Each structure stands twice: as C-alpha cells, then as structure tokens.
Amino acid sequence: MKTVSLSAPTRSSTVKFRMPTRDNLVPIRVDVEVDGQRYRDAFTWNPRDPDSEIISFAKRTAKDLKLPASFVPQMLQSIQGQLAEFRSYEGQEMQIKEKIMPLKIDLRVNNTLVRDQFLWDIGNLDSDPEEFARTLCDDLNITDPEVGPAIAVSIREQLYEIASQSVSAMREAKVSKKRRAPEFASNSKAMNNAVDMFKYFGSKGSVIRKRKEWYLYAPVVDVVPNEEVVVVDTTEGA
C-alpha cells in the first residue's frame, strides 16, 4: 500500500499560471450538434500550437467521421473558445498552498465504466497524467485504448480547475489587500476535500488507508453488455 507523507502546511508559493504537470496541455471537450447529428469528444491541446492547426484538425475530423462541413465552424468555435480561456490565465499569478489533492475518476467509455479516487501532488511539475492513466489501465486489465486518454483528460480537467481557481483567488486578494487572502480555491470541491483531509490526518500524519476505508479507494471497473452500449455516453467524465 502506497504511503504519502503529509507535513505541516508551508508558506504558500506564488508561481505563474500553468498546468501542474510536466506537459502544459489544455483539456478540451467538444459537444456539437448539427441537423440531428452529434459529435462529442475530449482530448488535450498544446496552447503553443498555431490556430491553423485547429482548422486542420476540425476539417480532418469532419472528413474522417463523414460529418457535414457545417460541423467545422462549430468545432472551431468550441476549441478556440476553450483555448482563449486558458490563455487568459497565462502570465497571471497562482498560489499553491495544499500540495496533496484528492482526485476522482467516474467515466463511461464504450463498454467500460471506471470509478476511482486517489491523491495527487499538485506541486510536482513533472507529473504525467497520461502515464498515470496507462499504468492504471494496465493494473486494472483495461484493454479498450480509449479509456486511458479519457482518464488523463479527466485528471487534467480537475488540475485545470485547481489552477484557475488559484488565479481567481490571487486576483481577489490583490483587489482587497485589507481583507485576508481567500483560501486557495475555497469554492472548489477538490480544494475543500484537501483541507478536510489534512485536518483528518493531522500535521504529521501520513495518508495510509485504514482497512475499514479500503472500499472507498478501491477502483471499480464494470463492463457494459453490448446491447446496453447504446445508452452509454462515451465521453462523460468526472
């Protein structure tokens, strides 16, 4: 059983906004419906890539999936909007206080349903959600090649929320210096869970799963029968 040591909270560090991972990739979700046809997908995008790559991607995707050309501008708008939001945070200051964060996975991909929760060190800028997802799939004997990328996107979405909420907290603190700086992402469920977890284990405790709590952290993998796949959303995430 893996043990992660928790030390007492240190002074918060201020850094420029970025994803707290090795690769600064943006989690993207696209949900477009035109004339009764629907395209849904989730993937990551390098914010440094030129916008011309987005156009090529949208056209190629529509062609490969035999979607009408009217899907292309809708896809472009969705992707460009999410990238613009991400880029609006760049250069902004973000504050990191809690290091160990609880993340949750609740996905349905094709025939496979995956539920899990685990701890993530957001202070580790060398972390790799994609590698973690591949290892998790290997450990759980998940063979569907689409499950791993979906897990990685879900992790990145949660880390993106943590980082963006931090920027918002820093902005608010600058607006009102007389007021105590708000807790980092205080309105984020993940952040509140981390604070509660620290209080639970204490300042010098360690994150060791108690036997009676093992069921809470044990990953769950279900296989949906083929006749029920039609009701499964292949891109729904946590």
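Task: Assign Glu131 to an accessibility class, and find its salt-bridge partner.

Solution: 
- Start with the cut-offs: buried is under 20% relative accessible area, exposed is over 50%, and partly exposed lies in between (1.4 Å probe, protein chains only).
- Glu131 has a relative accessibility of 38%, so it counts as partly exposed.
- The model is predicted, so local features need pLDDT of at least 70 and side-chain atom pairs pLDDT 80 or more, while totals for chains, interfaces and linings use all residues. Residues are numbered from 1 along each chain as its sequence is written, and side-chain values use heavy atoms, without hydrogens or water.
- Now the partner. A salt bridge needs a side-chain nitrogen of Lys or Arg within 4 Å of a carboxyl oxygen of Asp or Glu.
- Arg134 meets this test with Glu131, at 2.7 Å between the closest N and O atoms.
- Arg134 is partly exposed, at 45% relative accessible area.
- Both residues sit in helix H3, three residues apart, which is about one turn of the helix. Helices (H or I, at least four residues) and strands (E, at least two) are DSSP runs, numbered from the N terminus.

**Exercise B: pairs across the chain**

Solution: 
- General point: side chains of opposite charge can pair when their charged atoms come close.
- The closest N and O atoms of Asp222 and Arg115 are 3.9 Å apart.
- Asp222 is partly exposed at 36%. Arg115 is partly exposed, with a value of 36%.
- Next, Arg156 and Glu130: their N to O distance is 2.9 Å.
- Arg156 is in helix H4 (residues 147-175) and Glu130 is in helix H3 (residues 129-139), so this pair ties together parts 26 residues apart in sequence.
- Arg156 and Glu130 are both buried.
- For the overall tally, the structure holds 11 salt bridges. Arg22, Asp23 and Asp128 form a network of such links.

Solution: 
- Axes are lines fitted to C-alpha atoms, for helices over the stretch in contact, and angles run from 0 to 180 degrees between N-to-C directions.
- The scale runs: under 35 degrees roughly parallel, over 145 roughly antiparallel, 65 to 115 roughly perpendicular, the rest oblique.
- From H3, the contact residues are Pro129, Glu130, Phe132, Ala133, Leu136 and Cys137; from H4, Val147, Gly148, Ile151, Ala152, Ile155 and Arg156. Contact means heavy atoms within 4.5 Å.
- By class, nine are nonpolar, one is polar and two are charged. Here Ala, Val, Leu, Ile, Met, Phe, Trp, Tyr, Cys and Pro count as nonpolar, Asp, Glu, Lys and Arg as charged, and the others, Gly among them, as polar.

**Exercise D: the loop residue**

Task: Place Ile142 in the chain and list its contacts beyond four places in sequence.

Solution: 
- Ile142 lies in the loop between H3 and H4.
- Its relative accessibility is 10%, so Ile142 is buried.
- Beyond neighbours within four places in sequence, Ile142 touches Thr112, Val114, Cys137, Val147 and Val221.
- Take Thr112: it is 30 residues from Ile142 in sequence, and the C-alpha to C-alpha distance is 8.1 Å.

Task: Work out how H2 (residues 71-89) packs on H1 (residues 51-64), and how H2 packs on H4.

Solution: 
- H1 and H2 meet at about 145°, with axes 9 Å apart. Their crossing is right-handed.
- Ten nonpolar, two polar and three charged residues make this contact of H1 with H2.
- The axes of H2 and H4 come within 10 Å and cross at roughly 50°. H2 is thus oblique to H4.
- This crossing of H2 and H4 is left-handed.
- Glu85, Phe86, Ser88 and Tyr89 of H2 face Tyr160, Ser164, Val167 and Arg171 of H4. The contact of H2 with H4 has four nonpolar, two polar and two charged residues.

Technical notes: Left-handed = near helix turned anticlockwise from the far one by under 90°.
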